[in-house]
Amino acid sequence: MDIYFGVLFFLLGSVFASFYGVVATRLPEGKSLLGRSHCNHCNHQLSWYELIPIFSYLFLRGKCHHCHKKLPIYEPIIELFMGIFFSISYFYYGFSYELWMSLILISLFVLIYISDFRYMIILDSPLIISSILIFFLKWIYFGIQEALISLFSGAILFLIFLGIGFLGSKIFKREALGGGDIKLAFVMGESVGILYAIIGLILSTFLALPYATFTLLNNEDREVPFGPFLISALCMVFVFYEKFTTILKFIMFH
Ligand SMILES: [Zn+2]
């Protein structure tokens with residue numbers, strides 16, 4: 001039975017990844033989500049057998065069946081990655097609160113990586129849908145009081161980020177935190193609580209440091225997307241929650 005569900009979660013992950021790829025590239029370009037996918041080169045409409053996650057890429061040997069130009073390799077990689085992570089989440093957590101949270105966070109991770117690195121945008125709709133899902137998850141597993149507290153924590157984090165962004169823009173004379181980062185802070189506070197979300201914020205600056213330094217050293221005058229590092233830190237805090245708790249207790253009682 002375990003294997004059966006493991007495979008099911010893998011398939012679910014890869015199908016969702018394929019959908020997220022469409023969401024994270026069409027919405028920032030102002031395109032509709034409706035309508036079949038096209039080949040980026042020749043605009044040929046893809047048939048059903050060209051839309052199966054991972055397999056279509058292998059079956060077509062990485063080329064458009066119509067114009068024989070190369071298909072983007074990152075798509076099957078993301079599909080494989082999400083399939084594996086959905087499946088691992090199931091084996092690791094079983095059917096529990098952590099499993100559903102994990103699926104939400106993996107989804108946000110993929111969506112934010114694609115849209116923020118490519119378009120410097122964090123889409124509103126995934127953040128809104130995630131915060132609603134997290135609210136109901138907390139309600140179902142821990143009761144309405146916990147669910148309301150999580151909303152409050154989200155609001156506090158939102159305000160903290162708003163403050164940091166305001167100060168940052170005063171000091172650096174340019175936008176320090178994007179609107180998307182500030183909205184993502186809400187989801188951070190909501191999912192792991194105020195203290196752990198702040199730990200996540202600190203962690204994310206360390207994660208972003210090598211990339212930001214690299215960009216600066218190459219004299220590239222472009223903004224560094226912060227969203228991917230925030231969501232990475234949030235995922236780390238979520239997965240290693242107990243480790244962080246041990247460290248915090250150690251610091252407080254010594
Ligand atoms: Zn083509």
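1. Let's start with how the chain folds back on itself: of the contacts between residues at least 6 apart in sequence, 66% join residues at least 24 apart. Please keep in mind as you read that this is a predicted model.

2. On secondary structure, the protein has 10 helices and 0 strands.

3. A word on overall dimensions and burial. Taken along the principal axes, the C-alpha atoms fill a box of roughly 65 × 55 × 30 Å. Of the 254 residues, 31% are buried.

4. The protein is divided into two parts, with domain 1 covering 1–95 and domain 2 covering 123–254. Taken over C-alpha atoms, the centres of domain 1 and domain 2 are separated by 28 Å.

5. Two packed helices are described by the angle between their axes and the distance between the axes. Helix α7 (residues 179–192) packs with helix α9 (residues 227–239) at an angle of about 5 degrees, and their axes are 10 Å apart. Because angles under 35 degrees count as roughly parallel, α7 is roughly parallel to α9.

6. Which residues meet where α7 and α9 pack? From α7 come Gly-180, Asp-181, Leu-184, Met-188, Ser-191 and Val-192, while α9 brings Gly-227, Leu-230, Ile-231, Leu-234, Val-237 and Phe-238. Sorted by class, this contact has 8 nonpolar, 3 polar and 1 charged residues.

7. Is Phe-86 buried or exposed? This residue sits in helix α3 (residues 74–93), and it counts as buried because it has 25 C-beta neighbours inside 10 Å, where the cut-off is 20 or more. Leaving aside residues up to four places away in sequence, Phe-86 touches Phe-9, Phe-10, Leu-12, Gly-13, Leu-103 and Ile-106.

8. Ser-32 has 7 C-beta neighbours inside 10 Å, so it counts as exposed. Gly-13, one of the residues that Phe-86 touches, lies 19 residues from Ser-32 along the chain, and their C-alpha atoms are separated by 23 Å.

Terms used. Residues numbered from 1 in each chain as written. Predicted model: local features only at pLDDT ≥ 70, side-chain atom pairs only at ≥ 80, totals over all residues. Axes fitted to C-alpha atoms, helices over the stretch in contact; angles between N-to-C directions. Helix = DSSP H or I, 4+ residues; strand = E, 2+ residues; numbered from the N terminus. Parallel < 35°, antiparallel > 145°, perpendicular 65-115°, else oblique. Contact = placed C-beta atoms within 7 Å. Nonpolar A, V, L, I, M, F, W, Y, C, P; charged D, E, K, R; others polar. Domains from an automatic or database assignment. Buried ≥ 20, exposed ≤ 12 C-beta atoms within 10 Å, placed from the backbone.
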